[in-house]
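Me: I would like to go through this complex with you. Could you take my questions one at a time?

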Amino acid sequence: MANIYVNGEAQEVNLPLSLSELIRLNKVVQPDMVSVQLNEEFVDRNDWKNIQLKDGDNVDFLYFMGGGSK
Amino acid sequence: MIDFTEEQIQRYSRHILLQDVGVEGQEKIMNARVLVVGAGGIGAPVSLYLAAAGIGRIGIIDADVVDLSNLQRQVIHFTKDVGVPKVKSAEEKIKAINPDVKVDTYQEFLDSSNALDIIKEYDFVVDGTDNFPVKFLINDACVMVGKPFSHGGILRFNGQTFTHLPGTACYRCMFKEPPPAGAVPTCSQAGVLGAIAGMIGTIQAAETLKYFTGVGELLTNKLLTFDAKTMQFRTVAVKHRDTCAICGSHPTIDHLIDYEQAACDLKQHRK
Ligand SMILES: [Zn+2]
(Lines give C-alpha, C1' and ligand atoms only; values in the text may rest on other atoms or scores of the structure.)
Protein backbone atom coordinates (compact mmCIF):
# COMPACT_ATOMS: atom_id res chain seq x y z
CA MET A 1 0.00 0.00 0.00
CA ALA A 2 1.07 3.54 -0.71
CA ASN A 3 -0.37 6.97 -0.06
CA ILE A 4 -0.85 9.35 -2.96
CA TYR A 5 -2.19 12.82 -2.30
CA VAL A 6 -4.81 13.69 -4.88
CA ASN A 7 -5.92 17.33 -4.76
CA GLY A 8 -4.51 17.46 -1.25
CA GLU A 9 -6.29 14.37 0.09
CA ALA A 10 -4.56 11.09 0.85
CA GLN A 11 -5.61 8.04 -1.16
CA GLU A 12 -4.42 4.50 -0.43
CA VAL A 13 -3.38 2.80 -3.61
CA ASN A 14 -1.54 -0.33 -4.67
CA LEU A 15 1.72 0.10 -6.54
CA PRO A 16 2.75 -0.14 -9.29
CA LEU A 17 0.35 2.49 -10.52
CA SER A 18 0.75 4.82 -13.47
CA LEU A 19 -0.63 8.32 -13.64
CA SER A 20 -3.13 7.13 -16.29
CA GLU A 21 -4.35 4.42 -13.94
CA LEU A 22 -4.73 6.92 -11.10
CA ILE A 23 -6.80 9.14 -13.39
CA ARG A 24 -9.00 6.15 -14.20
CA LEU A 25 -9.28 5.18 -10.50
CA ASN A 26 -10.44 8.71 -9.72
CA LYS A 27 -13.14 8.43 -12.37
CA VAL A 28 -12.12 11.59 -14.16
CA VAL A 29 -15.04 11.73 -16.55
CA GLN A 30 -13.38 13.78 -19.26
CA PRO A 31 -9.60 13.38 -19.22
CA ASP A 32 -9.47 15.89 -22.09
CA MET A 33 -10.74 18.52 -19.69
CA VAL A 34 -8.07 17.99 -17.05
CA SER A 35 -4.50 19.15 -16.69
CA VAL A 36 -2.34 17.15 -14.29
CA GLN A 37 0.44 18.24 -11.96
CA LEU A 38 2.72 15.73 -10.28
CA ASN A 39 4.62 17.20 -7.34
CA GLU A 40 3.91 20.69 -8.67
CA GLU A 41 5.20 19.99 -12.17
CA PHE A 42 2.84 19.75 -15.12
CA VAL A 43 2.88 16.43 -16.90
CA ASP A 44 2.21 16.26 -20.62
CA ARG A 45 -0.83 14.11 -21.27
CA ASN A 46 1.19 11.90 -23.61
CA ASP A 47 3.38 10.94 -20.64
CA TRP A 48 0.59 10.01 -18.22
CA LYS A 49 0.81 6.32 -19.09
CA ASN A 50 4.58 6.18 -18.66
CA ILE A 51 4.77 7.78 -15.25
CA GLN A 52 4.86 5.41 -12.28
CA LEU A 53 3.71 6.89 -8.99
CA LYS A 54 5.65 6.66 -5.73
CA ASP A 55 4.53 6.70 -2.11
CA GLY A 56 3.89 10.30 -1.02
CA ASP A 57 3.43 11.75 -4.51
CA ASN A 58 1.20 14.81 -4.80
CA VAL A 59 -1.11 14.83 -7.78
CA ASP A 60 -3.36 17.76 -8.70
CA PHE A 61 -6.13 17.60 -11.24
CA LEU A 62 -6.85 21.04 -12.66
CA TYR A 63 -10.04 21.31 -14.66
CA PHE A 64 -10.84 23.55 -17.57
CA MET A 65 -13.52 26.02 -16.55
CA GLY A 66 -15.09 28.37 -19.02
CA GLY A 67 -17.62 30.91 -17.95
CA GLY A 68 -20.75 28.88 -17.60
CA SER A 69 -22.84 30.11 -20.47
CA LYS A 70 -23.44 33.53 -21.79
CA MET B 1 -1.00 64.04 -6.17
CA ILE B 2 -4.72 64.28 -6.80
CA ASP B 3 -6.60 66.93 -4.85
CA PHE B 4 -9.47 64.99 -3.40
CA THR B 5 -12.76 66.84 -3.28
CA GLU B 6 -14.85 66.71 -0.11
CA GLU B 7 -17.21 64.42 -1.97
CA GLN B 8 -14.42 62.04 -2.95
CA ILE B 9 -13.08 61.92 0.58
CA GLN B 10 -16.54 60.96 1.73
CA ARG B 11 -17.19 58.53 -1.11
CA TYR B 12 -13.92 56.67 -0.61
CA SER B 13 -13.71 57.08 3.16
CA ARG B 14 -13.87 53.31 3.80
CA HIS B 15 -10.86 52.79 1.55
CA ILE B 16 -9.00 55.75 2.96
CA LEU B 17 -9.58 54.47 6.49
CA LEU B 18 -7.86 51.21 5.60
CA GLN B 19 -4.27 51.54 6.71
CA ASP B 20 -3.03 49.50 3.74
CA VAL B 21 -4.89 51.67 1.23
CA GLY B 22 -5.20 55.21 2.56
CA VAL B 23 -5.16 58.32 0.39
CA GLU B 24 -2.14 57.04 -1.55
CA GLY B 25 -3.84 53.76 -2.39
CA GLN B 26 -7.04 55.49 -3.40
CA GLU B 27 -5.06 57.76 -5.67
CA LYS B 28 -3.49 54.72 -7.35
CA ILE B 29 -6.96 53.25 -7.85
CA MET B 30 -8.17 56.50 -9.39
CA ASN B 31 -5.23 56.57 -11.80
CA ALA B 32 -5.78 52.97 -12.89
CA ARG B 33 -7.05 51.82 -16.28
CA VAL B 34 -8.71 48.40 -16.38
CA LEU B 35 -10.11 46.42 -19.30
CA VAL B 36 -12.97 44.06 -18.46
CA VAL B 37 -13.43 41.48 -21.21
CA GLY B 38 -17.06 40.36 -21.24
CA ALA B 39 -20.00 42.13 -19.59
CA GLY B 40 -21.58 38.86 -18.49
CA GLY B 41 -21.78 36.84 -15.30
CA ILE B 42 -18.21 37.57 -14.21
CA GLY B 43 -17.73 40.95 -15.89
CA ALA B 44 -20.85 42.32 -14.19
CA PRO B 45 -19.70 42.12 -10.55
CA VAL B 46 -16.14 43.03 -11.57
CA SER B 47 -17.34 46.22 -13.27
CA LEU B 48 -19.68 47.14 -10.42
CA TYR B 49 -16.99 46.80 -7.75
CA LEU B 50 -14.30 48.52 -9.79
CA ALA B 51 -16.68 51.40 -10.53
CA ALA B 52 -17.61 51.72 -6.88
CA ALA B 53 -13.93 51.64 -5.91
CA GLY B 54 -13.23 54.57 -8.21
CA ILE B 55 -11.03 52.98 -10.89
CA GLY B 56 -10.18 55.90 -13.18
CA ARG B 57 -10.94 54.30 -16.52
CA ILE B 58 -12.85 51.09 -17.22
CA GLY B 59 -12.97 49.59 -20.71
CA ILE B 60 -15.69 47.04 -21.40
CA ILE B 61 -15.75 44.82 -24.46
CA ASP B 62 -18.72 42.64 -25.38
CA ALA B 63 -20.54 42.29 -28.71
CA ASP B 64 -23.78 40.91 -27.30
CA VAL B 65 -27.09 42.44 -26.35
CA VAL B 66 -28.81 41.68 -23.05
CA ASP B 67 -31.01 38.58 -23.15
CA LEU B 68 -33.64 37.63 -20.59
CA SER B 69 -31.66 34.47 -19.73
CA ASN B 70 -28.68 36.64 -18.73
CA LEU B 71 -30.44 38.29 -15.82
CA GLN B 72 -30.13 35.22 -13.56
CA ARG B 73 -26.47 36.14 -12.97
CA GLN B 74 -25.38 39.21 -14.95
CA VAL B 75 -26.29 41.64 -12.19
CA ILE B 76 -25.21 44.80 -14.01
CA HIS B 77 -28.13 44.35 -16.45
CA PHE B 78 -31.73 44.96 -15.45
CA THR B 79 -35.02 43.73 -16.88
CA LYS B 80 -35.50 46.99 -18.75
CA ASP B 81 -32.19 46.40 -20.55
CA VAL B 82 -33.25 43.31 -22.50
CA GLY B 83 -32.31 43.97 -26.12
CA VAL B 84 -29.80 46.72 -25.24
CA PRO B 85 -26.10 46.23 -26.05
CA LYS B 86 -24.42 44.89 -22.92
CA VAL B 87 -21.66 47.49 -23.03
CA LYS B 88 -24.24 50.30 -23.09
CA SER B 89 -26.23 48.79 -20.24
CA ALA B 90 -23.02 48.33 -18.21
CA GLU B 91 -21.83 51.87 -18.94
CA GLU B 92 -25.11 53.30 -17.69
CA LYS B 93 -24.85 51.45 -14.35
CA ILE B 94 -21.19 52.33 -13.86
CA LYS B 95 -21.97 56.02 -14.43
CA ALA B 96 -24.90 55.80 -12.05
CA ILE B 97 -22.71 54.31 -9.32
CA ASN B 98 -19.78 56.60 -9.86
CA PRO B 99 -19.84 59.51 -12.32
CA ASP B 100 -16.07 59.97 -11.84
CA VAL B 101 -15.27 56.77 -13.75
CA LYS B 102 -14.44 57.14 -17.44
CA VAL B 103 -15.93 54.30 -19.46
CA ASP B 104 -14.77 53.05 -22.87
CA THR B 105 -17.19 50.70 -24.59
CA TYR B 106 -16.29 48.28 -27.35
CA GLN B 107 -19.32 46.57 -28.84
CA GLU B 108 -17.36 43.83 -30.55
CA PHE B 109 -15.70 40.53 -29.77
CA LEU B 110 -12.08 40.46 -28.71
CA ASP B 111 -10.15 38.60 -31.42
CA SER B 112 -6.70 38.43 -32.91
CA SER B 113 -7.32 41.55 -35.01
CA ASN B 114 -8.14 43.97 -32.18
CA ALA B 115 -6.77 42.38 -28.98
CA LEU B 116 -3.31 43.95 -28.87
CA ASP B 117 -4.52 47.44 -29.79
CA ILE B 118 -7.26 47.41 -27.17
CA ILE B 119 -5.25 45.78 -24.37
CA LYS B 120 -2.35 48.18 -24.68
CA GLU B 121 -4.58 51.08 -23.60
CA TYR B 122 -4.97 49.55 -20.12
CA ASP B 123 -2.85 48.69 -17.08
CA PHE B 124 -4.67 45.51 -16.09
CA VAL B 125 -7.05 43.10 -17.83
CA VAL B 126 -9.85 41.09 -16.24
CA ASP B 127 -10.97 37.96 -18.07
CA GLY B 128 -14.72 37.69 -17.61
CA THR B 129 -15.34 35.67 -20.77
CA ASP B 130 -17.30 32.50 -21.16
CA ASN B 131 -15.23 30.61 -23.67
CA PHE B 132 -11.82 29.02 -24.08
CA PRO B 133 -10.75 30.63 -27.37
CA VAL B 134 -10.95 34.11 -25.84
CA LYS B 135 -9.36 32.96 -22.57
CA PHE B 136 -6.31 31.80 -24.55
CA LEU B 137 -6.38 34.97 -26.64
CA ILE B 138 -6.36 37.20 -23.52
CA ASN B 139 -3.54 35.13 -22.05
CA ASP B 140 -1.40 35.23 -25.17
CA ALA B 141 -2.01 38.92 -25.87
CA CYS B 142 -1.23 39.92 -22.28
CA VAL B 143 1.94 37.81 -22.21
CA MET B 144 3.04 39.33 -25.55
CA VAL B 145 2.64 42.92 -24.37
CA GLY B 146 3.62 42.25 -20.76
CA LYS B 147 0.26 43.10 -19.17
CA PRO B 148 -0.97 41.65 -15.91
CA PHE B 149 -4.39 40.03 -15.91
CA SER B 150 -6.83 38.14 -13.74
CA HIS B 151 -8.25 34.89 -15.07
CA GLY B 152 -11.64 33.60 -14.02
CA GLY B 153 -13.60 30.49 -14.92
CA ILE B 154 -16.80 28.94 -13.68
CA LEU B 155 -18.58 25.68 -14.30
CA ARG B 156 -21.81 24.62 -12.64
CA PHE B 157 -20.93 24.94 -8.91
CA ASN B 158 -17.19 25.41 -9.34
CA GLY B 159 -14.98 28.36 -9.92
CA GLN B 160 -11.29 29.05 -10.42
CA THR B 161 -9.11 32.11 -10.69
CA PHE B 162 -5.49 33.19 -10.77
CA THR B 163 -3.58 36.39 -11.37
CA HIS B 164 -0.79 36.69 -13.89
CA LEU B 165 2.05 39.17 -13.73
CA PRO B 166 4.84 39.11 -16.31
CA GLY B 167 7.13 36.21 -15.40
CA THR B 168 4.61 34.24 -13.36
CA ALA B 169 2.67 31.19 -14.50
CA CYS B 170 0.27 31.89 -17.35
CA TYR B 171 -2.88 30.08 -18.47
CA ARG B 172 -0.91 28.13 -21.05
CA CYS B 173 1.56 27.01 -18.39
CA MET B 174 -1.41 25.26 -16.77
CA PHE B 175 -3.49 24.38 -19.82
CA LYS B 176 -1.44 24.03 -22.99
CA GLU B 177 -4.25 24.58 -25.46
CA PRO B 178 -8.04 24.77 -25.55
CA PRO B 179 -9.80 21.48 -24.91
CA PRO B 180 -11.00 19.65 -28.03
CA ALA B 181 -14.40 21.08 -28.99
CA GLY B 182 -16.04 17.69 -28.45
CA ALA B 183 -14.85 17.55 -24.84
CA VAL B 184 -16.36 20.85 -23.79
CA PRO B 185 -19.43 20.20 -21.65
CA THR B 186 -22.55 20.15 -23.75
CA CYS B 187 -25.05 22.98 -23.48
CA SER B 188 -27.37 21.13 -21.16
CA GLN B 189 -24.48 20.30 -18.80
CA ALA B 190 -22.97 23.72 -18.82
CA GLY B 191 -25.30 25.70 -16.59
CA VAL B 192 -24.06 27.72 -13.67
CA LEU B 193 -25.41 28.86 -10.33
CA GLY B 194 -25.60 32.61 -10.78
CA ALA B 195 -23.99 33.53 -7.47
CA ILE B 196 -20.87 31.54 -8.41
CA ALA B 197 -20.15 34.10 -11.12
CA GLY B 198 -20.40 36.73 -8.41
CA MET B 199 -17.99 34.83 -6.16
CA ILE B 200 -15.34 34.63 -8.87
CA GLY B 201 -15.96 38.16 -10.10
CA THR B 202 -15.60 39.71 -6.66
CA ILE B 203 -12.37 37.78 -6.06
CA GLN B 204 -11.07 39.11 -9.38
CA ALA B 205 -12.12 42.66 -8.49
CA ALA B 206 -10.29 42.31 -5.16
CA GLU B 207 -7.17 41.06 -6.95
CA THR B 208 -7.34 44.04 -9.32
CA LEU B 209 -7.53 46.48 -6.41
CA LYS B 210 -4.72 44.63 -4.61
CA TYR B 211 -2.60 44.89 -7.73
CA PHE B 212 -2.96 48.68 -7.95
CA THR B 213 -2.58 49.34 -4.23
CA GLY B 214 0.20 46.79 -3.74
CA VAL B 215 -1.63 45.31 -0.78
CA GLY B 216 -0.95 41.72 0.26
CA GLU B 217 -0.09 38.79 -1.98
CA LEU B 218 -1.68 38.21 -5.34
CA LEU B 219 -2.84 34.84 -6.67
CA THR B 220 0.28 34.54 -8.78
CA ASN B 221 1.73 31.06 -9.31
CA LYS B 222 -1.41 29.84 -7.57
CA LEU B 223 -4.71 28.61 -8.88
CA LEU B 224 -7.59 29.17 -6.48
CA THR B 225 -10.41 26.70 -7.02
CA PHE B 226 -13.59 26.19 -5.09
CA ASP B 227 -16.60 23.95 -5.03
CA ALA B 228 -19.64 25.87 -3.83
CA LYS B 229 -21.47 22.64 -3.05
CA THR B 230 -19.15 22.06 -0.10
CA MET B 231 -17.72 25.60 0.07
CA GLN B 232 -14.26 24.10 0.02
CA PHE B 233 -11.61 26.46 -1.28
CA ARG B 234 -8.22 25.21 -2.36
CA THR B 235 -5.14 27.02 -3.60
CA VAL B 236 -2.92 24.89 -5.82
CA ALA B 237 0.66 25.96 -6.30
CA VAL B 238 1.45 26.18 -10.01
CA LYS B 239 4.78 26.92 -11.60
CA HIS B 240 5.75 28.88 -14.62
CA ARG B 241 6.58 26.19 -17.21
CA ASP B 242 9.81 26.78 -19.05
CA THR B 243 8.48 24.87 -22.07
CA CYS B 244 5.32 27.01 -22.21
CA ALA B 245 4.55 27.87 -25.84
CA ILE B 246 3.94 31.54 -25.06
CA CYS B 247 5.89 32.48 -21.92
CA GLY B 248 8.61 29.80 -21.88
CA SER B 249 12.23 30.40 -22.75
CA HIS B 250 11.70 29.33 -26.37
CA PRO B 251 8.15 30.42 -27.21
CA THR B 252 6.72 28.81 -30.33
CA ILE B 253 3.68 31.10 -30.61
CA ASP B 254 4.53 34.38 -32.27
CA HIS B 255 1.05 35.58 -33.26
CA LEU B 256 -2.44 35.57 -31.78
CA ILE B 257 -4.65 32.59 -32.57
CA ASP B 258 -8.42 32.61 -33.11
CA TYR B 259 -9.41 29.13 -31.99
CA GLU B 260 -12.73 27.68 -33.13
CA GLN B 261 -15.50 27.92 -30.62
CA ALA B 262 -17.49 24.74 -29.96
CA ALA B 263 -20.55 24.80 -32.21
CA CYS B 264 -22.96 24.33 -29.36
CA ASP B 265 -21.78 27.46 -27.57
CA LEU B 266 -22.16 29.53 -30.68
CA LYS B 267 -25.39 28.30 -32.19
CA GLN B 268 -27.70 27.55 -29.32
CA HIS B 269 -26.27 29.15 -26.30
CA ARG B 270 -25.28 32.61 -27.18
CA LYS B 271 -28.64 34.15 -27.70
ZN1 LIG C 1 3.09 30.20 -19.71
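This is a predicted model: local features need pLDDT of at least 70, side-chain atom pairs count only at pLDDT 80 or more; totals for chains, interfaces and linings use all residues.

Me: What area is buried between chain A and chain B?

Reply: About 2,700 Å² is buried between the two chains, and carbon and sulfur atoms give 56% of that area. The size of an interface is often given as the accessible area lost when the parts come together.

Me: How many salt bridges are counted between chain A and chain B?

Reply: The count is 3 salt bridges. One of the salt bridges pairs Glu41(A) with Lys239(B), with 3.0 Å between the closest N and O atoms.

Me: On to chain A itself. In what order do its elements run from the N terminus?

Reply: The order is β-β-α-β-β-β, with 1 helix and 5 strands in chain A. The C-alpha atoms of this chain fill a box of roughly 45 × 25 × 20 Å along the principal axes.

Me: What percentage of the residues in chain A is buried?

Reply: Of the 70 residues in chain A, 47% are buried. The chain exposes about 3,700 Å², of which carbon and sulfur atoms supply 46%.

Me: And the charges: how many positive and negative side chains does chain A have?

Reply: Chain A has 6 positive and 11 negative side chains, and the centres of these two sets are 10 Å apart.

Terms used
Residues are numbered from 1 along each chain as its sequence is written. Chains are lettered from A and ligands numbered from 1 in the order in which they are written. Side-chain values use heavy atoms; hydrogens and water are left out. Helices (H or I, at least four residues) and strands (E, at least two) are DSSP runs, numbered from the N terminus. Buried means under 20% relative accessible area, exposed over 50%, partly exposed in between (1.4 Å probe, protein chains only). Accessible areas come from the Shrake-Rupley method with a 1.4 Å probe; for residues, only the protein chains shown count as cover. Lys and Arg count as positive and Asp and Glu as negative; His and the chain ends are not counted. The place of a charge is taken as NZ of Lys, CZ of Arg, CG of Asp or CD of Glu. Buried area is the accessible area (1.4 Å probe) that two parts lose on being put together, summed over both. A salt bridge is a side-chain nitrogen of Lys or Arg within 4 Å of a carboxyl oxygen of Asp or Glu.
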